[in-house]
Structure formats: C-alpha cells, structure tokens
Amino acid sequence: MYKIRGIIKNKQIEDITSKSGDTFKKMYVTIEEQDTGYSLTHQFEIFGEDNINKQKENIIEGRMCKIDFYIKSNEWKGKYFNTLNIKSINLEDDTENPF
C-alpha cells in the first residue's frame, strides 16, 4: 500500500461496457502532489459503482486529500501498463500534518 497527498484537480466518471454487454463504472481522480516541491500530477482510478459511492463524498475538487492506493500492472503485447487504484481517500483540514 502506498500513500500520497495532494490537491484534487479533477474527477470524471466513465461507463464501461464489456464484450459480454455488462456495464461498469470507473472514476478517474487527478491530483497535484504537494509534498515533493514539484507540480507532479497523478491520475488514480476507482473501479465499480459500489466503490465509487463509498468514496465520492471525499472527492471534492480543490481540496487537499490523502490517498491510500496500490499499483496494478497489466501486460499487453509485451508491454506493461500501470494503474494507480485508490483504496481510500480522505479530505484533509488545512491545519493537519501530512501522514
């Protein structure tokens, strides 16, 4: 499990239809990391409507947050692609200490 802290810049929900016709939801959450001194931007994913509903009240654009996440890798045609999957996201008060 990894942790990161940053400002939520964007959120977007996408509907995905599988080959069998099943429909799923995926939310993309983009943050700008604050602890490195550089403006590093990262995009995270939350997969599934239930998981999105559990986390969506903590995803407010412009707010500082802490994210617990894991990295998932998939191989496709000899190349590897990484996804940053959110385990939990919590809004932070301006007075809170990081981690």
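This is a predicted model: local features need pLDDT of at least 70, side-chain atom pairs count only at pLDDT 80 or more; totals for chains, interfaces and linings use all residues.
The structure contains 4 salt bridges. One of them joins Asp68 to Lys3, with the closest N and O atoms 3.0 Å apart. Asp68 belongs to strand β4 and Lys3 to strand β1, so this pair ties together parts of the chain that are 65 residues apart in sequence. Lys3 has a relative accessible area of 54% and is therefore classed as exposed, the cut-off for that class being over 50%.

A further salt bridge links Glu92 with Arg5, and here the closest N and O atoms are 2.8 Å apart. Glu92 is placed in the segment after β5, whereas Arg5 is part of strand β1, so the pair connects parts separated by 87 residues in sequence. Both Glu92 and Arg5 are buried.

Another salt bridge is formed by Asp15 and Lys25, whose closest N and O atoms lie 2.6 Å apart. Asp15 is located in strand β1 and Lys25 in strand β2, which spans residues 23-33, so the bridge ties together parts that are 10 residues apart in sequence. With a relative accessible area of 51%, Asp15 is exposed. Lys25 is partly exposed, its relative accessible area being 26%.

Strand β1, which covers residues 2-17, also includes Ile13. This residue counts as partly exposed because its relative accessibility is 47%, a value that falls between the limits of under 20% for buried and over 50% for exposed. Apart from neighbours within four places in sequence, Ile13 is in contact with Lys25, Lys26, Met27 and Ile52.

Attention now turns to the pockets. Rolling a probe the size of a water molecule over the atoms shows where empty space is left. In this model, the largest pocket holds about 180 Å³ of space. The lining of the largest pocket consists of Glu45, Ile46, Phe47, Asn51, Lys54, Gln55, Tyr70, Asn85, Ile86 and Lys87. At least two lining residues come from each of β3 (41-47), α1 (49-55) and β5 (79-91). By residue class, the lining comprises 4 nonpolar, 3 polar and 3 charged residues.

Among the lining residues is Gln55, which is situated in helix α1. Gln55 has a relative accessible area of 13% and is therefore buried, since that class requires a value under 20%. When residues up to four places away in sequence are not counted, Gln55 touches Ile46, Lys87, Ser88 and Ile89. Of these partners, Ile46 and Lys87 are also listed in the lining of the largest pocket.

A further residue, Lys77, is found in the loop between β4 (64-76) and β5. Lys77 is exposed, as its relative accessible area is 68%. The C-alpha atom of Lys77 is separated by 20 Å from that of Ser18, and these two residues are 59 residues apart along the chain.

Definitions and conventions: Residues are numbered from 1 along each chain as its sequence is written. Side-chain values use heavy atoms; hydrogens and water are left out. On a 1 Å grid over the protein atoms alone, a cavity is a set of points where a 1.4 Å probe fits but cannot get out, and a pocket is an open set with protein on both sides within 12 Å along at least five of seven lines; lining residues have an atom within 4 Å of a point. Grid points are joined across faces, edges and corners, and a volume is the space filled by probe spheres set on the points. Helices (H or I, at least four residues) and strands (E, at least two) are DSSP runs, numbered from the N terminus. Ala, Val, Leu, Ile, Met, Phe, Trp, Tyr, Cys and Pro count as nonpolar, Asp, Glu, Lys and Arg as charged, and the others, Gly among them, as polar. Buried means under 20% relative accessible area, exposed over 50%, partly exposed in between (1.4 Å probe, protein chains only). Contact means heavy atoms within 4.5 Å. A salt bridge is a side-chain nitrogen of Lys or Arg within 4 Å of a carboxyl oxygen of Asp or Glu.
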